[in-house]
Amino acid sequence: MSNAFSESERNAVYRAIATRRDVRRGYTAQPLPDELLERLLSAAHSAPSVGLMQPSRFIVVRDPAVREVVHGIFSKANTAAAATYSGEQRQHYSDLKLEGIREAPQNLCVVCDANSERGHKLGRQTMPETSLYSTVCAIQNLWLAARAEGVGVGWVSIIDPERLQELLGIPQHLVIVAYLCIGYVDHFAAEPDLERHGWETRTQLRSVISYDRYSDACSGADCS
Ligand SMILES: Cc1cc2c(cc1C)N(C[C@H](O)[C@H](O)[C@H](O)COP(=O)(O)O)c1[nH]c(=O)[nH]c(=O)c1N2
């Protein structure tokens, strides 16, 4: 194959995948240069999309005053989320740090124009939700490219989307898919924070694979 990856290129792709982390702390105050941010957004924009719809729209949030308001929206949702747990689990949840909205010098709101006519509905007739999936693909592209650039990304979904929509002036017909914190970090943790802090463990690959017909004998569980 003329355009095959070299071994080191292949290894680099798998390394980005294996060492990508959700980053909530340790952001440096240094803003990302415009060219770097553009490379990350370009990675997102190059993602697969149903019918070549490219439904994702990106709102870069740099203003500290706006990020402060977003943090307030997060705090309210987070307090409500904590109240859904009881006893030790509530305390455990409250001790987790689940965002880096104010520390990360740039935030990114990623929205989907889910009803756009682009792509002429190819691939969306029976699964209209694929427009949203296309935006998730864009986010993952950005997340991996960021890891390769030494840039941390943290996804915050503990947020009231209606309040965020109003704050950022996002038209009603667009759907908020993600609010991301983005910035340089000194360090990427070796394992997910939620695992390190004892909230959840990773499942083994073999526990989520079946062949020819779905089997839930041990699906998602740690069947060793
Ligand atoms: C759709 C979606 C939404 C969220 C997340 C992820 C995704 C995919 N994650 C990050 C999530 O907790 C994290 O990916 C897992 O814990 C695995 O850790 P690593 O990403 O491997 O570090 C996340 N993390 C967090 O601290 N606050 C949040 O609100 C969310 N929301």
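His 197 is exposed, with 12 other C-beta atoms within 10 Å. The residue belongs to the segment after α7. Between His 197 and Gly 87 there are 17 Å in space, C-alpha to C-alpha, and 110 residues in sequence. The structure described here is a predicted model.

## Domains and annotation

Contact between the two involves 5 residues of domain 1 and 4 residues of domain 2.

UniProt, in an unreviewed entry, lists residues 17–184 as "domain: Nitroreductase". That span is 41% helix and 17% strand, and its end C-alpha atoms lie 18 Å apart.

## Surroundings of the ligand

Arg 21, Asp 22 and Arg 24 are among its residues, as are Leu 98 and Glu 99. Trp 155, Val 156, Ser 157 and Ile 158 also surround the ligand, together with Pro 192 and Leu 194. By class, the shell has 6 nonpolar, 4 charged and 1 polar residues.

## Nonpolar core

In soluble globular proteins, nonpolar side chains tend to be buried together. In this model the largest nonpolar core has 35 residues. The members with the most contacts inside the core are Val 110, Ile 139, Leu 142, Ala 146, Val 153, Leu 180 and Ile 182. Helices and strands both supply this core: α2 (34–45), α3 (64–82) and α5 (130–148) each give two or more residues, and so do β2 (106–112), β3 (151–156) and β4 (175–184).

Leaving aside neighbours within four places in sequence, Val 110 is in contact with Ser 56 and Phe 58, with Thr 135, Ala 138 and Ile 139, and with Val 177, Ala 178 and Leu 180.

Ser 134 counts as buried because 25 other C-beta atoms lie within 10 Å. Beyond its neighbours within four places in sequence, Ser 134 is in contact with Pro 48, Ser 49, Val 50, Met 53, Pro 55 and Ser 56. From Ser 134 to Ala 148 the chain runs 14 residues, and the C-alpha atoms are separated by 22 Å.

Ala 145 has 21 C-beta neighbours inside 10 Å and is therefore buried; the threshold for that class is 20 or more. Not counting residues up to four places away in sequence, Ala 145 touches Arg 39, Leu 40 and Ala 43. Leu 98, one of the residues around the ligand, is 47 residues from Ala 145 in sequence and 22 Å away in space, C-alpha to C-alpha.

## Gly 26 and a contact across the sequence

Gly 26 has its place in the loop between α1 (7–19) and α2. With 16 C-beta neighbours inside 10 Å, Gly 26 counts as partly exposed. Its contacts, apart from neighbours within four places in sequence, are Val 185, Asp 186 and His 187. Along the chain, Gly 26 and His 187 are 161 residues apart, while their C-alpha atoms are separated by 7.6 Å.

His 120 has a phi near 50 degrees, a positive value in a residue other than glycine. His 120 sits in the loop between β2 and α5. Asp 212 also has a positive phi, about 70 degrees, although it is not a glycine. Its location is the segment after α7 (193–196).

## Neighbour counts

| Residue | Other C-beta atoms within 10 Å | Class |
|---|---|---|
| Ser 134 | 25 | buried |
| Ala 145 | 21 | buried |
| Gly 26 | 16 | partly exposed |
| His 197 | 12 | exposed |
| His 120 | 10 | exposed |
| Asp 212 | 5 | exposed |

His 197, with 12 such atoms, is classed as exposed because that class takes in counts of 12 or fewer.

Key: Residues numbered from 1 in each chain as written. Predicted model: local features only at pLDDT ≥ 70, side-chain atom pairs only at ≥ 80, totals over all residues. UniProt positions renumbered as here; feature names shortened; annotations may be inferred. Helix = DSSP H or I, 4+ residues; strand = E, 2+ residues; numbered from the N terminus. Near = placed C-beta within 6 Å. Nonpolar A, V, L, I, M, F, W, Y, C, P; charged D, E, K, R; others polar. Contact = placed C-beta atoms within 7 Å. Core = buried A, V, L, I, M, F, W, Y, C linked by C-beta atoms within 7 Å.
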